[in-house]
Amino acid sequence: MASFSSCHTTTGKKVKSGNGKRLTIALAGNANVGKSVIFNQLTGSSQIIGNWPGKTVERAEGMLTFDGYDITVVDLPGIYSLSTFSIEELVTRQYIATEKPDVIINIVDASVLERNLFFTLQLMELEVPMVIGLNQIDTARSKGITVDYQRLEDSLGVPVVPTVAIKGEGIKELIKRAVETAEQNGTPEVDEEGAGEAGAERGQYRHRQRQGGRQHRYRRGQTTRFGDNLEPTIDKLAQAIEADQLDLEYPPRWVAIKLLEDDPDITAVVRAKSERLVFLAATLGKEIEALHDEPSFAVLAAERYSLAGAAAGEAQNQEKVRVTLSDRLDRLATHKIFGYVTAAAVLVGLLLWTFTVGNYLSGLLSNLFSFFATLDPKMSGSIPSILWNGAFAGLVAGVTLVIPYVIPFYLVMAMIEDSGVLTRVAFMFDNFMHKIGLHGKAIIPLILGYGCNVPAIYTCRVMGTTRERLLAALAITFVPCTARTIVILGLVAAFVNIQWALALYAIDLVIIFLLGRIALKVVPGKSTGLIMEMHPFRVPSLPVIVRQTWARTKPLILMVFPIYVAGGAIVQGLYASGWLDPINNAISFLTVGWLGLPVIAGVLLIFGLIRKELIVLALVPILGTGNLGLFLTPVQLISLALIGILYFPCIATLTTLVKEFGWKPALAISAANLISAVFLGGVIARMLALVF
Amino acid sequence: MSSKNMEEYLETLYALNQDGKAASTSEISHRLNVAPASVTEMLQKLADKGYVNYSPYQGATLTPMGFKLGEKMARKHRLLERFLHDVLNLGKDRVHAQACEMEHTLTDETERAFCNTLKQPAKCPDDGKIIPPCDLQFSSCEECQKWHGESLEKVGKRKANLVSMTALKEREEGTVAFIRGDNKVLRRLLDVGLTPGTRISVTRVAPLKGPVEIAVRGSRIALGEEIAANVFIEAAGKRGGRVG
């Protein structure tokens, strides 16, 4: 298989390769049907996969060579329709229309054929060359469903390839048919004008076509025929659009359908060019409504569904099956009592597992290291030896405190994601999430936040509105990620006790809830409701889990470890030179005076902005010992950990917030973090003093 | 039998029949604060008129015709409660008695005006009961809002009696008949397959007024309670029924 290329390949511009045979293939389909699994199979990439809808929030690109072609594969977000108004749907629609991939592979879940074909029909309406990957035929079989793919191919007029993506079955055939389909439709990149100049842009391609007389800018693919009650109307409007030569990106028939559906985006585009057509569409739409007693968009949706139902009914055979294990687990996970027990067990289990396994591994690794060298703070001696010593301490701290906890955490996290339990938790906690202005789906990014806040904030796109995304992101910044888990472990679990460590998670949940209530009042707007597909439970796949864990740990080792080493050296260097004191003293009124922390905390918290675990890791070279309990009281350990959780988003999180929401909301969220840390930190430190 | 008295009975039966069970004489007498003997007498009269199925030991259920009237009264009552609470700022404990008096004189035209002015409210303010859908044959709330004809009679009446999806229990079935609210939610529901006339069955109801999980077109979809409350179903079995 081909090598991985980053997801930052600029779309629109194509990198020229040796033989000039290039293709772009896009993967499209409903949420959670296996697009990313197939994408990974094709490109060898590590797109995040799991059993919940909304993992792919931005399109990802990878490369593949096949049959002499250099193929760019694009993984599009999972959507149910091209007509409603979520960001993902607009992005996908615009991508297909303007970037014009040479062929679309529509991944279809064979176990939910009818609903999936509803989307297939919409892709067909866009008249793009396409191939259907009939995926999860094994899941379908376990539900008693068998699909005659030959029959489906005949009735839709689109090549259909059965696949079991997770096992790699049918993938080769799928890509072969996709390339064939692209070849049949002609590939614009290797066009008559001599394989195009290096970096030939799509815009030029279009331009060329326009010069060569009036041509369609879209490809001639297959389309769908609606019933006799609608077809003449669509035809009439499509002809009027064609006659007007509006020079649109989309095929006229598709534009006609969208106008009849009252699609605001397309209506605006057409209105800018021809008011008359919009008026005609409105008149025709009224006729449909009068005839059917439904809004015209509902009539078209119903019509599509009846076509999808007919095609699915013809091709599939459903046998009665006994209650499966998946069904039984489902009953348990959504039971009125055991459902909550399951959810709690999953989350607490994840933490306890991380604590105990991590603790064990950490002990092993520390022993290993102390065999080679003992930690010894160098306050004097040559500068290189001080720095070396600090760097070594940083490395030891990283290896013994980070790796042993992060890997077990991500292993189990990947299992949880792949099993499908997250959608059940979302189902059970929907009304609870309403209390903080969100709905059940928001619990998925929140749980992911325990891994790392950055991807969790991206995942907030599963929420419908900007307001909900913002509220969810705010809550996520208060969720202790693995970095902060290390702070809790390194300070509290190690030197106070594990109960207090768990108590910190509980306190944190209360804080999230209270702040969510306040934020709800501050951020104006209405909440939307939950509409979520519930996919069956499945046995997590070991290769997927291992791969996912590695994909998440790799950047940590490659990019973050150098920070630990450099950070260790810098801290020790600064400490030895005495430069830390002015910084510490400058904010000691807060750290010492109000929060009751040791004076060194000032610098720790500043380092923690880079990576939260540096709060603990930097302490090691400064104190010269892993036994932090000798220098900090239990109260100080607990409050330092609490403040570490709350006080400010780390740089990576802050960058993500700015990227997703802009500076103002990002700073507002940061301010909420800072204020709550200062306020609650001081109050809780005083309360703790009474306990200890 | 005054029409007001009859309306009160039908409205009470509509509320008591919500969970699909027959209402007992004692429940009705308790609700209306009337002696059991007069309840029995009244139920017999209503049965004679074809509004109620009544037998002394099995209790009373509404016929499709009775359901229609009872639902209408419940709708007017609950819309009025919303108006009194939301617009006139009356306390939650004050609205019920007042609405009880006003509902009998409210015309259908005013009922529709209330519904649109209050932006198609889903639940009443005091006990969170679902406000039933109107019986007009509009395709959607948006069409109703845009309609400026003179006589509502031209619009026509819905024949089937509908129940909210949230009133269904696990394993109950029916077909999607009407989705209340703005078109945005309607479009999202259409996309996951809830087109009018689609057969659905309830597979799971989350506790504490949580979401409802339904089986539709071979898939399972979870709908938040506030969304499911606005999806009205022509239920299979004894619920509601059809008029004419």
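Predicted model: local features only at pLDDT ≥ 70, side-chain atom pairs only at ≥ 80, totals over all residues.
Student: Into which domains is chain A divided?

Tutor: Chain A has 692 residues, of which 50% count as buried. Its secondary structure comes to 31 helices and nine strands. The division of chain A gives domain 1 (22-192), domain 2 (224-318) and domain 3 (333-691).

Student: How far apart do the C-alpha centres of domain 2 and domain 3 of chain A lie?

Tutor: Domain 2 of chain A covers 224-318, and domain 3 covers 333-691. Between the C-alpha centres of these two domains the distance is 51 Å.

Student: What share of the contacts in chain A with a separation of 6 or more comes from residues 24 or more positions apart?

Tutor: Two residues are in contact here if their C-beta atoms lie within 7 Å. Among the contacts in chain A with a separation of 6 or more, the share from residues 24 or more positions apart is 74%.

Student: Which strands stand at the edges of the open sheet of chain A?

Tutor: Six strands of chain A form this open sheet, with mixed pairing and the order 2-3-1-4-5-7. From one strand to the next, the twist averages 25°. An edge strand has a single partner strand, so one side of it is left without a neighbour in the sheet; in chain A this applies to strand 2 (60-66) and strand 7 (160-162).

Student: Which element of chain B supplies the largest share of the side that touches chain A?

Tutor: In the contact between the chains, 35 residues of chain B meet 32 residues of chain A. Helix 7 (141-146), helix 8 (183-191), strand 7 (219-223) and helix 9 (225-228) of chain B each supply at least two residues of the side that touches chain A. The largest share, seven residues, comes from helix 8 of chain B.

Student: How many charged residues does the side of chain B that touches chain A have?

Tutor: That side of chain B comprises 35 residues in contact with chain A. By class, 13 are nonpolar and ten are polar, while the number of charged residues is twelve.

Student: What is the bridge partner of Met532(A) in strand 7 of chain B?

Tutor: Strand 9 (residues 531-533) of chain A and strand 7 of chain B run antiparallel and are joined by three bridges. In strand 7 of chain B, the bridge partner of Met532(A) is Ala222(B).

Notes. Residues numbered from 1 in each chain as written. Chains lettered and ligands numbered in written order. Helix = DSSP H or I, 4+ residues; strand = E, 2+ residues; numbered from the N terminus. Nonpolar A, V, L, I, M, F, W, Y, C, P; charged D, E, K, R; others polar. Pairing = 2+ DSSP bridges. Domains from an automatic or database assignment. Buried ≥ 20, exposed ≤ 12 C-beta atoms within 10 Å, placed from the backbone. Axes fitted to C-alpha atoms, helices over the stretch in contact; angles between N-to-C directions.
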